[in-house]
Amino acid sequence: MPFLKLRQHVIRVAIVCIVAVVLGGLTAQSAFADKILIPMDLKQTNHLKAYGVTYHALTRGIKVDWLLNYRGGSFLFEAYPELLDTCNVRGVTYEVINAGQEDQIRQTIEQENMESVLLEKAPSIAIYTVPTAEPWDDAVTMALEYAQIPYTTLWDAEVIKGDLNKYDWLHLHHEDFTGQYGKFYGSYRNELWYRQSVQLNEEMAHTLGYRKVSELKKMVALTIKDYVSRGGFLFAMCSATETLDIALSALDVDIVPAPFDGDPPDPDCENKLNYDNCMAFTGFQISLDPFEYAHSNIDTTPDRISSRLGPEGDYFTLFEFSAKLDPVPTMLVQCHVPVVDGFMGQTTAFRKSLVKNYVTILGENEGQNEVRYLHGNLDKGTFTFLGGHDPEDYQHLIYDPPTDLNLHKNSPGYRLILNNVLFPAARKKERKT
């Protein structure tokens, strides 16, 4: 019996020693392990899919360092074989670096206008869109599809039910939160797709217990604002940027012309707008003409038409921020070029004089009274607005074919979109449900 106990003791000691050696070896190995650097400068062959690789790493529980302003905003993480294979399969340029090379990079970051931001968790993504929309209906959905980043779609019923609480990040595109169906009445009211859109929206409003579409959309807009204030991340493009704030300003007043809802707007509605409810804009004037393809004077498209600004002269400059003092706006403007080609949309650019003072301007058309890209905080959450519809389709028209992102792997405009997708991973926030 003593012999058996001694034997068991020896076996336990041996196991402990073996485990200690293995763990010690792993610790030593991890301390000097190689890492993957995904450069995001001009040497990157596919900027857009690089974001997808980074998102994939986060879904695997692998933390990523976002090296702001270092080689265009590069990514750095442990050199797991799986991630090397992912880069190779997706055609993403990467470099394997050792501990000494990493130390040199971090010294450079310390000395320059650069910063290393830790990305910890892949954000859950929701796209607000009508159920009948195609994936190529908006640029963000196309970007997510191309970068292979998963997302969920939702619409009015899900928003009203409270499903936004399930997601970290929400995108809005060319939706009309005023209940005027995009102000397409003048040109497309007899088109089948327009009549179907009206019917679908009216059915949804009645199903959810609202008398008019505009009343439902106001509640959706208010719910989205509440989602942001409790810690949500909102990214909007095209007309959603403008109509969201218009709807919020008109929560207590009818601004919708009769062709859209059967009764005229309040004759004093413009004097009853409450700009304090708005997220980004103030002091704007709304359009009450149902035949006018415009919602308000927030959008500078009429000015652009009168000045005959075309693709050759349309661009905007990204602001440079202090990476160490202002990491959030720095993340949002990471790009391999400082100037981005402009592109139009239902709402192309924002009149600078109507942007609220506390909002941060990320990109503007220098010398013009217009902002193309902005960011703001609302209580515990944030919102980012980017004017225009599709960064690689200058004047996207109805019935135009979808953009093929295989032809635009290094698109600066699409990079701005994907910066916003990764942004929520940089900090953990809890929302009250």
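Just after helix H3, Gly91 takes a positive phi of about 75°. The model is predicted. H3 spans residues 81-90, and its surroundings include strands of an open sheet, E1, E3 and E4 among them.

**Helix H3**

- The buried residues of H3 are Leu83, Leu84, Thr86, Cys87 and Arg90.
- Viewed along the axis of H3, these buried residues fall within an arc of 160°, so they line one face of the helix.
- Pro81 and Val89 are exposed, and they sit on the face of H3 turned away from its buried side.

- An open sheet is formed by 5 strands, in the order E4-E1-E3-E2-E5, with antiparallel pairing.
- E4 and E5 (115-119) stand at the edges with a single partner strand each, so one side of each has no neighbour in the sheet.
- On average, neighbouring strands of the sheet are turned by 30° against each other, with direction ignored.
- The antiparallel pairing of E1 with E4 runs over 3 bridges.
- Leu37 has Glu95, in E4, as its bridge partner.
- H2 packs on the sheet, where it touches E1, E2 (64-68), E3 and E5.
- The direction of H2 makes about 35° with that of E3.

**Helices H5 and H14**

- The axes of H5 and H14 (residues 412-422) come within 10 Å and cross at roughly 75°.
- Angles of 65 to 115 degrees count as roughly perpendicular, so H5 is roughly perpendicular to H14.
- On the H5 side, the contact is made by Ala139, Val140, Met142, Ala143, Leu144 and Ala147.
- H14 contributes Tyr414, Ile417, Leu418 and Val421 to this contact.
- The contact of H5 with H14 comprises 10 nonpolar residues, no polar and no charged ones.

**Helices H9 and H10**

- H9 covers residues 213-229 and H10 covers residues 238-249; their axes come within 9 Å and cross at roughly 105°.
- H9 and H10 are therefore roughly perpendicular to each other.
- Lys218, Ala221, Leu222 and Lys225 of H9 make the contact with Leu244, Ala247 and Leu248 of H10.
- The residues of this contact divide into 5 nonpolar, no polar and 2 charged.

Terms used: Residues are numbered from 1 along each chain as its sequence is written. This is a predicted model: local features need pLDDT of at least 70, side-chain atom pairs count only at pLDDT 80 or more; totals for chains, interfaces and linings use all residues. Side-chain values use heavy atoms; hydrogens and water are left out. Buried means under 20% relative accessible area, exposed over 50%, partly exposed in between (1.4 Å probe, protein chains only). Helices (H or I, at least four residues) and strands (E, at least two) are DSSP runs, numbered from the N terminus. The arc is that of the directions from the helix axis to the C-beta atoms. Contact means heavy atoms within 4.5 Å. Two strands pair if DSSP finds at least two bridges between them. Axes are lines fitted to C-alpha atoms, for helices over the stretch in contact, and angles run from 0 to 180 degrees between N-to-C directions. Angles under 35 degrees count as roughly parallel, over 145 as roughly antiparallel, 65 to 115 as roughly perpendicular and the rest as oblique. Ala, Val, Leu, Ile, Met, Phe, Trp, Tyr, Cys and Pro count as nonpolar, Asp, Glu, Lys and Arg as charged, and the others, Gly among them, as polar.
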